[in-house]
Amino acid sequence: MITITIDRHEVVVPANMTILDAAKVVNVEIPTLCHINLEGTCLKSNPASCRLCVVEVEGNRNLVPACATKCRPGMVVHTSSPRVLRARKTVAELILSDHPNDCLTCPKCSDCELQRLVRRLNCRNIPFKDGERMERKKEITPAITRDMSKCIYCRRCESVCNDVQSVGALGAVGRGFGTIVGTAFGKTLGDTNCTYCGQCVAVCPVGALTERDYAEELIADITNPDKVVIAQTAPAVRYALGEEFGLKPGTSVTGKMVTALKDMGFDYVFDTDFGADMTIMEEGYEILDRLKKFLAGDKTVKLPIMTSCCPAWVNFYEHEFPDLLDYPSSAKSPGQMFGAVAKTYWADKMGIPRDKLVVVSIMPCLAKKYECGRPEFKVDGNPDVDYSISTRELAALIRRSNISFDSLPDSDFDTPMGESTGAAAIFGTTGGVMEAALRTVYEVYTGKTLPHIDLDQVRGLDGVREATIDLDGFPLKVCVVHTLSNARMIMNKLRAGELDYHVVEVMACPGGCIGGAGQPYHHGDGTVLRARQRAAYAEDAGKQLRKSHENPDIQRLYQEFLGEPLHGKAHELLHTSYSDKSIK
Amino acid sequence: MKTLNFEDLTQLRKKAHAELNVRELSYAATSEESCGLAVGTEHIQLLCCGGTGCKASNSAKIVDNLKAAIEAEGIADKVDVIVTGCFGFCEKGPIVKVMPDNTFYTQVKPEDAEEIVKEHVIGGRKVERLLYVDPKTQHTVSDSKHMDFYRKQLRVALRNCGFIDPENIEEYIARDGYAALANALQNQTPEEVIEVIKQSGLRGRGGAGFPTGMKWGFARNYQAENKYVVCNADEGDPGAFMDRSIMEGDPHSVLEAMAICAYCIGANKGLIYIRAEYPLAVHRLRIAIEQAREYGLIGKCVLGSDFNFDVEIRYGAGAFVCGEETALIHSMEGKRGEPTLKPPFPAESGYNGYPTNVNNVETLANVPIILTKGAEWFASIGTEKSKGTKVFALAGKINNVGLIEVPMGTTLREIIYDIGGGVKNGKKFKAVQTGGPSGGCLTEKHLDIPIDYDSLTAAGSMMGSGGMIVMDEDDCMVSVAKFYLEFTVSESCGKCTPCRIGNKRLLEILTRITEGKGTMEDLDTLKTLAATIKDTALCGLGQTSPNPVLSTIDNFYDEYVEHVKQHKCRSKQCKALLTYSINPEKCKGCGACKRGCPADAILGDLRKPHVINPFKCIRCGMCQSRCHFDAIVVI
């Protein structure tokens, strides 16, 4: 431990601490812009390039960046001397001089870190506003909108895309004033190996990277009397949506959310959790099927089986590991299972023709937007899920629909596709799908009741978590990873024949869907993810039914319509196939 | 050739030294008497510059012709033609030197070769018309030792350039090459060698002037399974070619120094980061590496010791910022060439995260000779805090453009007037830019400062890597600042805000001023913004890029004010501020200007004085070049 002086305070800190973190100890909040450190995950970007966190260190010729300068014994730091304040303001003014400053109509208005910073630094004019500005073409993909005229070159997106996700679709291009984060050879994002995980959007401090907005399509459909519009809401949405309305992270707002959706004009509001229980039936039985074959000595069976709920992960292995497409489960994601059943089983029951039924999924995710358009998920060109909107878009629509969210009463989901178990509730966190699947796999395989329903070994936020489950003497080895760089590590091991698991769960976003790119912005605050995760487990713990195969509506669905898991109609509607999409 | 051990190297040196004797004698030659086979000289060597500059002036053909003439005369057994590195006097190139009388032929053409062979080599009569004429005395000077250009120079880093054949390792060995390495491996501990370098006072020649011995000590102190020695050969200053000349003229000095450094810090791998636009330097380095490997001077068990060291060349794409050591390392790692924050310094975490020592070419070239001649010898040259010599590339409006090496502490006046021969065309000296695009412009009042790292910084400029560009009264200082800033704006990696956007804004303000649209407020903004950029930029490039602006504002404030208030450019460089008119007294009405004007801006009837419409005039100067009567007036 060393002692340093920050402004008027003496502080004792570990020697390798940055000035930025040391200052927090004595309640000195140094402004930052490019820096992000989502504690509890590996999401960290620290290029020390925006130069807004500069501070004066006695004895140093130049100002130093607080975010990347380590404390030294006896260091005397001034975080708001006239020299620092002047420099910081000038740097902010320079950024503004190369920014459109169209805040009123920007999608990030009031949620923009630059805006917040400029207010804090009391910038009242832009001295260099007549200078040249980099105007760039806007790119709209099915999931992500890139408006690089707004880019301030903090390069958080580049760090996330390369270091956290190991995708490398985005990188710095060009030199000098024209430098920008872009794709190789200026390709459109769709022509790269981008997985649409959207983590670049999740960390963009300004409006350069945002979601593709489907609000106008949705309003048109809701107001169209010829259409029946139904909503399905993903597990992770309900314990993040409240943040948009000033509620504490981790507040579960399921009932209010359902009321709001009905007030907005959705004809029926169902739950993707129902789809999640279906996923466990299919994926769980697929695990059992492969295990049985494996134990019977079948050498051709592909193990480990990998989860396939996460659409960014699906894109990732189709792009990068086309030789290993036999390993992931063929089960569709919960949202797509729901869509497939809604447009057949439920639509038939209700007598609604397919072309009049609009299924909208409300997701914590941006890759789901892309997933909706996959040809595998369409019948005669009509998608099982018409489109997907994010948690943030839902919040914006609620506000726009004049709904006072705070004071809404609770409502229940519609039946029959509104009933779900605790197993589905935890789908939204890393480790949740694995835990849900194991609850079913254990009981079906052993015929016994699971002694401890909480599988603590697979919970948490560590990037890679392993566990061995005793299946009546058979040690089932499982592994849970989140972020695509961890997924790549697992896949490389698989390719090299060094992987010794039976089941692997992968989610692309840090923390799983709780950290999805469609969720309210966490602005680098890791406690937000942990609060959402706690809420997911609390919801599970509070449920009467906690195993997917015990969901009575699911049981009825299989009896009335689907038949046996993995077979017949279940196979036809709930499973998919993958193809080689490597970038040649 | 078998790989050498210590004893073999000593024997080889003795043998090789005999080959060089003719050249070594020339150092001692005191008279300007001519050698020649006819007057009894037994062995003659002709040195021809094979540097990039002279090669561009067809020196390869001169070599061919010399060889052909020697062959035709049947004197090949007595006369050698040797291609060397740069002699430095590029203004007068291509250069051919005759040994042992040290005759220095200038601006030689391929067709002169036969005459040199017949007259001088055989006849013993100098070819007078190819000799250098001293502009002051108008007398010819044949021995380069007696030329003003060389008299005040002291060639330490350039000791072998223009003297040995860079493609022949034995010539380097003859000049005590690899003796320092052999001695270090045999008789000195790494700490002892580092101590000698520390005592010598050698500082980094790449620009910042960090003490080299201390740098080596840091790298030695970090423990790691791998360490690297990197030679920074990414010379990027416009007009500078110090490092290129050393690599072209004496590549082994760099290799030997890298091996010594590796021995000291505990590395066994060396990397030379060189711009791919230096094909000749790359070629010579490749040959040098192959030869050194063949002789066992690098590779496994160097000179039979247990020290292993090998060198690899890495190519840069010519980004200026890659001269910054962290950017250079990232570029070698295959990443984007952009700097990262220091600390951690490369000595702690460099190439692929391993401790790495990065030294510039010229720094390395000094190392072997320091070890052979001793720290005291080196420390006796130079000033109190800057020891040894410095190589400069003299360019701009100066008579003797070329590469020079002078002891630290030499004044700018000595360099510009004595060595450089003064300003071209008798114009008035205005400023000298040192330190490349990150340096500053010094003026008349700075001419007598003994130059070293500290005095240049104190004067508002910097040593930099050694570019020195002389400007005369025709140079507009606002435009000069703008020129350098254009360079740094386009060479910025774009990473940090102050450099990416700040320098661009500085440039926009300067552009406004040169267009007559500047305000006095702009002058204040230039100063405050430049100060903030210096204070906040991430790397050395950004921190120094406003120097040309600040130093020109400091030293030429009047000129800035003139541009702003009077919309006048006294050097007539800022086109937008010029007014073209026709003096009716002189104009004959011939119409030549009118016909030549691309903007249709000239009116007038034949044989009557013409006039220029200032609103249409684009200030291209075409009328001026067309007028036979000197009637066009530019103010």
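Let's start with the open sheet in chain B that has 4 strands in the order 2-1-3-4, with mixed pairing. Strands here are DSSP runs of E with at least two residues, helices are runs of H or I with at least four, and both are numbered from the N terminus. Two strands count as paired if DSSP finds at least two bridges between them. At the edges stand strand 2 (79–84) and strand 4 (103–105) of chain B, each with a single partner strand, so one side of each is left without a neighbour in the sheet. On average, neighbouring strands of this sheet are turned by 20° against each other, direction ignored. Such angles come from axes, which are lines fitted to C-alpha atoms, for helices over the stretch in contact; angles run from 0 to 180 degrees between N-to-C directions.

Before I go on, a word on the source: this is a predicted model, where local features need pLDDT of at least 70, side-chain atom pairs count only at pLDDT 80 or more, and totals for chains, interfaces and linings use all residues. Residues are numbered from 1 along each chain as its sequence is written, and chains are lettered from A and ligands numbered from 1 in the order in which they are written.

Strand 1 (residues 44–49) and strand 3 (residues 96–99) of chain B run antiparallel and are joined by 4 bridges. Within strand 3 of chain B, B:Val98 is the bridge partner of B:Leu46.

Chain B has another open sheet, of 5 strands in the order 12-11-15-13-14, again with mixed pairing. Its edges are strand 12 (402–407) and strand 14 (440–443) of chain B, and each has a single partner strand, so one side of each is left without a neighbour in the sheet. Strand 13 (residues 429–434) and strand 15 (residues 467–472) of chain B are antiparallel, with 5 bridges between them. B:Val432 faces B:Val470 in strand 15 of chain B.

Now to the helices. In chain B, helix 11 (residues 251–265) and helix 14 (residues 361–373) pack at about 75°, their axes 8 Å apart. The pair is therefore roughly perpendicular, a label for angles of 65 to 115 degrees; under 35 is roughly parallel, over 145 roughly antiparallel, and the rest oblique. Helix 11 of chain B brings residues including B:Val254 and B:Met258, and helix 14 of chain B brings B:Leu364 and B:Leu371, among them. By class, this contact has 10 nonpolar, 1 polar and 1 charged residues. Contact means C-beta atoms, placed from the backbone, within 7 Å. Nonpolar covers Ala, Val, Leu, Ile, Met, Phe, Trp, Tyr, Cys and Pro, charged covers Asp, Glu, Lys and Arg, and the others, Gly among them, are polar.

Over in chain A, how many residues of helix 9 (residues 311–320) are buried? The count is 8 of its 10, where buried means 20 or more other C-beta atoms within 10 Å of a residue's own, exposed means 12 or fewer, and partly exposed is in between, with C-beta atoms placed from the backbone. Among them are A:Trp313, A:Phe316 and A:Tyr317. These buried residues pack against helix 11 (367–372), helix 15 (484–495) and strand 22 (503–507) of chain A.

Finally, the two chains together: the contact takes 28 residues from chain A and 25 from chain B. Helix 2 (residues 82–97) gives the most to the chain A side, with 6 residues. That side has 16 nonpolar, 8 polar and 4 charged residues.
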